[in-house]
Amino acid sequence: MGGSKQVWQRKGGWLAVFRKKGNQAGKESEHSLLTKDYRFIDELRKVPISMELDDNREYVKGLFDNCSDFVVRDLKLQNSEQAILFFVDGMAKTEEVNEAMKALMILEGGERFIDDISESVLPVSQIGKVDNYGDLLHAVLGGDTGLIVEHNNKALLMGVRGMEKRSISEPETESVVRGPREGFVENIRTNTSMIRRKLKTPHLKMKPLVIGRESNTNVIVTYLEDIAEASMVEEVMRRLEKIDIDAVLESGYLEEFIQDSAYSPFPQVQYTERPDMVAAALLQGRVGIIVDGTPFVLLVPFVFAEILQATEDYYERFQISTLIRWLRYLLLFLSLLTPGMYVAVTTYHQDLLPTTLLLSIAAAREAIPFPAVVEALMMEITFEALREAGIRLPKTIGSAVSILGALVVGQASVQAGIVSAPMVIVVSITGIASFTIPRFNGAIAIRMLRFPIIIAASLFGIYGIMTALLLIIGHMASLRSFGIPYLSPLAPQVGSDMKDILIRAPWWSMDERPSFVPTLDQTRMDGELQDEIMQQAGQRGKTIQHEDHRKEET
């Protein structure tokens with residue numbers, strides 16, 4: 001048994017690899033390779049690569065039995081050494097694999113050891129070495145090409161990935177008038193390169209993780225080492241490392257795991273498709289989470305005020321950005337309260353309306369068989385159904401559905417006496433207001449809370465609305481996002497941070513980073529230039545001498 005060859009036996013659903021002896025660097029060593037039917041790839045880290053090439057070939061073929069996309073290629077090196085090369089068809093770049101095979105078949109120095117081959121032979125920029133099947137298969141299934149040479153207990157990994165990927169285009173969910181037009185794609189390396197292009201500094205760190213027992217999804221935690229607080233990064237890493245799930249197919253999986261309050265309707269994790277948004281967040285001391293296979297990058301911590309902040313606010317002049325931000329706050333309250341206020345006023349507080357308007361509403365509702373609350377719920381549910389249908393249907397017919405829904409709901413329903421014309425106006429204003437909220441996950445929370453406010457208004461009028469608002473604000477005050485109060489910097493109030501909340505102050509006045517996010521360096525910029533301009537009252541330009549190119553009259 002000591003010098004016997006590894007034998008494969010499949011018995012009762014269990015796969016056993018028996019003991020063998022090999023020779024490594026002139027010394028005999030005994031490897032006890034005993035494995036059973038593995039459940040996840042991580043378990044194969046306990047299975048070392050064999051010195052016998054035939055055993056490795058059979059082991060790999062046994063693992064990928066009935067996998068038509070897995071390619072195993074036998075090679076004979078120039079010094080008569082045998083080798084096998086394997087990769088996943090469609091994930092490795094065929095041209096570079098062929099170049100690597102050509103270089104291996106014409107070894108000039110007669111190299112036989114993996115270390116020599118990796119250092120002097122292969123024309124590949126990224127090369128790694130592993131000594132177990134767990135790391136080997138994880139890399140190969142991610143697009144790398146594996147190479148095992150006879151009499152070597154290590155495998156070579158060649159970074160020749162060539163998967164098809166979507167080209168970089170403008171984000172559809174975060175379009176801007178002024179600003180970069182590039183958005184993330186589904187390839188994780190393309191996304192990291194787009195962030196690196198924004199922040200060209202060695203302080204930009206990217207820590208890799210693998211999450212998902214079946215999917216083995218690559219995840220990268222990115223931050224600026226000289227700005228982000230170490231405790232924040234450690235907490236993000238700790239939460240991600242504790243996730244134990246079979247697969248991660250989108251960043252939304254991770255969002256629900258790492259958020260502080262899972263039952264709150266308010267988002268505590270931000271997601272974005274824009275590299276400039278991620279770069280700006282990292283410069284504030286926040287942490288980004290990049291997930292392979294999705295164009296949405298997560299950012300933590302996240303506070304409520306950022307729901308109403310758009311990337312374009314920082315690219316336009318601060319006066320117009322401030323005005324638009326005030327408009328968003330107004331429309332936020334309209335989106336949340338308009339249907340409830342209509343129900344409360346028409347049901348309990350008719351004396352708050354001017355007489356002419358009250359008579360007009362009463363005349364419009366005279367033939368309506370339903371109370372105001374039923375009318376409001378019917379219209380809101382119908383509006384949400386139309387919105388969902390417009391998203392799910394193909395773009396070519398989505399607009400037609402919107403027009404049809406507007407005609408049916410708006411005109412036919414009023415003429416049929418099912419709903420009143422004022423209710424159609426109220427729901428239309430509410431829908432338009434909800435579209436102005438920049439963060440889609442924040443708009444969803446407002447849409448959900450609209451329904452309990454309508455019910456509270458139907459039961460207790462304006463008192464019910466005020467009670468519901470107090471409960472919502474109290475709930476928001478109790479929330480935390482990675483230890484940061486959700487209503488920061490409004491509660492607890494920080495005066496220096498208000499210049500980027502209720503208003504958007506000029507860039508030269510925002511010389512410090514937001515204090516509610518703990519950072520290692522609070523200073524953002526040097527205000528010397530602006531101080532000089534302010535001292536000179538902008539008149540320094542008058543001292544510049546300009547040549548007079550006009551010809552003197554003779």
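Axes here are lines fitted to C-alpha atoms, for helices over the stretch in contact, and angles run from 0 to 180 degrees between N-to-C directions. Helices (H or I, at least four residues) and strands (E, at least two) are DSSP runs, numbered from the N terminus. The model is predicted, so local features need pLDDT of at least 70 and side-chain atom pairs count only at pLDDT 80 or more, while totals for chains, interfaces and linings use all residues. Residues are numbered from 1 along each chain as its sequence is written, and side-chain values use heavy atoms, with hydrogens and water left out.

Helix H9 (residues 318-347) packs against two other helices, H11 and H13. The axes of H9 and helix H11 (residues 372-392) come within 9 Å and cross at roughly 160°. H9 is therefore roughly antiparallel to H11. Angles under 35 degrees count as roughly parallel, over 145 as roughly antiparallel, 65 to 115 as roughly perpendicular and the rest as oblique. The crossing of H9 past H11 is right-handed. A crossing is left-handed if the near helix is turned anticlockwise from the far one by less than a right angle, and right-handed if clockwise. On the H9 side, the contact (heavy atoms within 4.5 Å) is made by Pro339, Val343, Thr346 and Thr347. H11 supplies Ala372, Val373, Ala376 and Glu380. By class, this contact of H9 with H11 holds 5 nonpolar, 2 polar and 1 charged residues. Ala, Val, Leu, Ile, Met, Phe, Trp, Tyr, Cys and Pro count as nonpolar, Asp, Glu, Lys and Arg as charged, and the others, Gly among them, as polar.

The axes of H9 and helix H13 (residues 421-435) lie 7 Å apart, at an angle of about 160°. These two helices are therefore roughly antiparallel to each other. Here H9 passes H13 in a left-handed crossing. H9 contributes Leu331, Leu334, Ser335, Thr338, Pro339 and Tyr342 to the contact. H13 contributes Pro422, Met423, Val426, Thr430, Ala433 and Ser434. The contact of H9 with H13 has 8 nonpolar, 4 polar and no charged residues. An α-helix has 3.6 residues a turn, so residues three or four places apart point the same way.

Helix H14 (residues 440-460) has 21 residues, which should span 30 Å at 1.5 Å a residue. The expected span is 1.5 Å times one less than the number of residues. The end C-alpha atoms of H14 are 31 Å apart, which agrees. Just after H14, glycine 461 takes a positive phi of about 70°. Helix H15 (residues 462-478) packs with H14 at an angle of about 145°, with the axes 6 Å apart. H14 passes H15 in a right-handed crossing. Leu449, Ile453, Ala456, Ala457 and Phe460 of H14 meet Ile462, Tyr463, Gly464, Ile465, Ala468 and Ile472 of H15. By class, that contact has 10 nonpolar, 1 polar and no charged residues.

Two open sheets were also examined. Two strands pair if DSSP finds at least two bridges between them. S5 is joined to strand S6 (residues 82-88) by 7 bridges, and the two run antiparallel. Lysine 76 has glutamine 82 of S6 as its bridge partner.

Strand S13 (residues 287-291) and S14 are joined by 3 bridges and run antiparallel. Glycine 288 has leucine 299 of S14 as its bridge partner.

A cis peptide bond joins valine 300 and proline 301, with omega about -5°. Proline 301 lies in the loop between strand S14 (297-300) and H9.
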